[in-house]
Amino acid sequence: MVLTIILIVILLPILIFIGIYNGLINSRNRVEEAFSGIDVQLKKRYDLIPNLVSTVKQYMKHEEKILTEITSLRSRAVSGDLTTEEKVQLNNELTDRLNALNVVVENYPELKADQSFDNLQRALNEIESQISASRRTYNAYVREFNNKVEQFPSNIVANMKGFQKYEFFKAQEEEKKNIAVGDLFS
Amino acid sequence: MSDFSSFYEDRLMPLIDSLQGEKKNIQKKYFRYLVLPFLILLLIVLFLARSSLQPSFIFFLFFIFVFVAAIVHIKISGPYMEKFKNTIISELIKYVHEGLVYDHKKYIPESVFRESRLYEHRIDSYKGEDYISGMIGKTWIEFSEIIARYKTETRTKNGTRTQWHTLFDGLFFVADFNKKFSSDLIVKPDIAERLFGRFGQKLQKLNVFQHGELIEMENPEFEKVFKVHGTDQREARYILTPALMEKILNLNDKIKKKINQDISLSFINSKLYIAVPLSTDLFEPRIFGKEVVKAEDIFEYYSYIKLMAGIVEDLDLNTRIWTKM
């Protein structure tokens with residue numbers, strides 16, 4: 001009887017520790033998996049850009065600047081060796097420039113009527129939505145993981161094992177930006 | 001509003017008036033074939049009661065009468081109902097949207113209702129009517145009245161007792177969604193969280209009967225009203241964008257004002273399913289009383305058709321800027 005109690009007293013904390021530790025690992029893996037989910041979508045966007053630029057170029061004579069900016073941002077993004085922050089920053093700029101391009105496109109009815117451009121734009125919208133979904137999923141997992149790192153009792157295990165909180169993936173608010181650009185023309 | 005009243009005056013009133021005669025006719029028939037026979041039956045029973053009649057025999061007589069009466073009722077009112085629906089309701093639906101077609105006998109099939117995964121319980125009785133479908137802009141929609149029920153049997157001293165339970169009663173709506181996806185996403189009213197708060201949220205996670213895993217959305221108001229389950233966390237967020245969540249909340253508010261209940265939605269196989277619970281039977285004429293249909297009934301029916309067709313705009317389903325055309 002006494003032996004059983006002693007065993008329980010020793011074993012129970014160990015089991016709880018293992019449970020919490022595995023939970024933390026699980027959460028961290030989900031965060032990392034979600035981050036690579038964003039990466040996949042970002043790469044898809046990089047792949048589309050050369051096509052987009054070459055299609056647009058046929059119609060646009062006076063918008064060289066935006067196109068060069070987009071091309072150079074893309075080539076910096078695919079060059080690799082970027083920290084996460086740099087990657088986020090670069091992609092936010094890219095989103096911004098692509099939005100600006102969308103506004104300019106309004107002045108080129110022939111371009112808008114082009115079937116291949118329509119397809120490209122749909123694909124791009126698709127990827128934008130996917131990026132935004134991936135980012136929100138990542139943030140949801142980060143929130144879950146960070147809660148575990150901060151909340152009792154899992155924070156004890158997290159501290160012992162040196163788990164660090166993750167940063168949220170901040171994206172500029174595209175919708176607001178869109179409205180702001182639109183306002184300039186109204 | 002004035003548009004609708006002039007439509008009512010000019011187009012519906014003549015149709016309603018033309019049914020007036022028919023209605024009087026069936027009221028006469030009701031008297032002749034139902035009320036009169038009932039009174040005669042009653043007299044006979046009262047007369048025979050003096051000469052020691054078995055109570056079970058009386059009961060049997062009334063049972064037969066009710067059975068016959070039900071058939072007679074359908075026979076008498078059937079053509080009138082049909083005419084009412086094919087003219088007045090049909091006209092009303094066309095008025096809401098030219099692209100909509102009405103078939104009062106048809107309904108959303110059980111297989112489609114099942115596909116929505118909104119009600120996973122076994123179904124023992126499935127009925128429906130008043131099927132409306134068509135293209136609104138670029139979006140195909142269909143909806144109808146549905147009653148799905150299941151039964152339970154409990155053993156009592158006198159044998160088994162069968163009880164019927166309503167799984168869903170109301171308008172069931174299906175639309176072609178504007179994005180393509182392959183995972184399942186189910187959005188249902190959140191009863192647990194409203195009752196138990198954070199603890200309710202924990203309870204939801206334990207719910208093993210629900211298809212898919214619990215997905216927490218970042219919109220706190222949305223989370224308060226709905227609980228979201230899905231088979232893919234990322235795709236769930238691809239479907240439920242922050243903008244769509246706002247729109248769903250607005251739609252829910254709008255419907256809740258009418259029916260005082262929350263709606264359920266699901267997103268499966270690039271389709272959107274919405275269940276609007278409703279215990280009143282829509283699109284029916286009156287059989288008793290003076291009028292064929294009251295003006296407020298017509299307005300009520302109109303508001304429901306408008307509400308359902310309006311979902312396309314409310315949820316922005318005609319915006320098709322993604323790869324799905």
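The legends below describe a predicted model.

**View 1. A salt bridge in chain A.** A:E150 has a relative accessible area of 47%, so this residue is partly exposed. A:K165 is partly exposed too, at 48%. Their side chains form a salt bridge, 2.9 Å from N to O. The two residues sit 15 apart: A:E150 in helix α5 (residues 115-150), A:K165 in the loop between α6 (154-160) and α7 (174-185).

**View 2. A salt-bridge network in chain A.** Four residues are linked here: A:K65, A:E69, A:D96 and A:R97. The search of the whole structure gives 25 salt bridges over all chains.

**View 3. Helix α2 of chain B and its kink.** Helix α2 covers residues 55-96. A kink of about 45 degrees falls at B:S77, shortly before the proline B:P79. B:S77 is buried, and other buried residues of the helix include B:I76, B:Y80 and B:F84.

View 4. B:K85 pairs with B:D130, with the closest N and O atoms 3.0 Å apart. B:D130 lies in strand β2 (residues 125-136), so the pair ties together parts 45 residues apart in sequence. Both residues are buried. B:E82 meets B:K105 at 3.9 Å, N to O. B:E82 is partly exposed at 31%, whereas B:K105 is exposed at 56%.

**View 5. Helix α8 of chain B.** The 18 residues of α8 (242-259) should span 26 Å at 1.5 Å a residue, and the end C-alpha atoms are 26 Å apart, which agrees. Among its buried residues are B:L244, B:I248 and B:I255. Just after the helix, B:N260 takes a positive phi of about 60 degrees.

Terms used. Residues are numbered from 1 along each chain as its sequence is written. Chains are lettered from A and ligands numbered from 1 in the order in which they are written. This is a predicted model: local features need pLDDT of at least 70, side-chain atom pairs count only at pLDDT 80 or more; totals for chains, interfaces and linings use all residues. Side-chain values use heavy atoms; hydrogens and water are left out. Helices (H or I, at least four residues) and strands (E, at least two) are DSSP runs, numbered from the N terminus. The expected span of a helix is 1.5 Å times one less than its number of residues. Buried means under 20% relative accessible area, exposed over 50%, partly exposed in between (1.4 Å probe, protein chains only). The bend at a residue is the angle between axes fitted to the seven residues ending there and the seven starting there.
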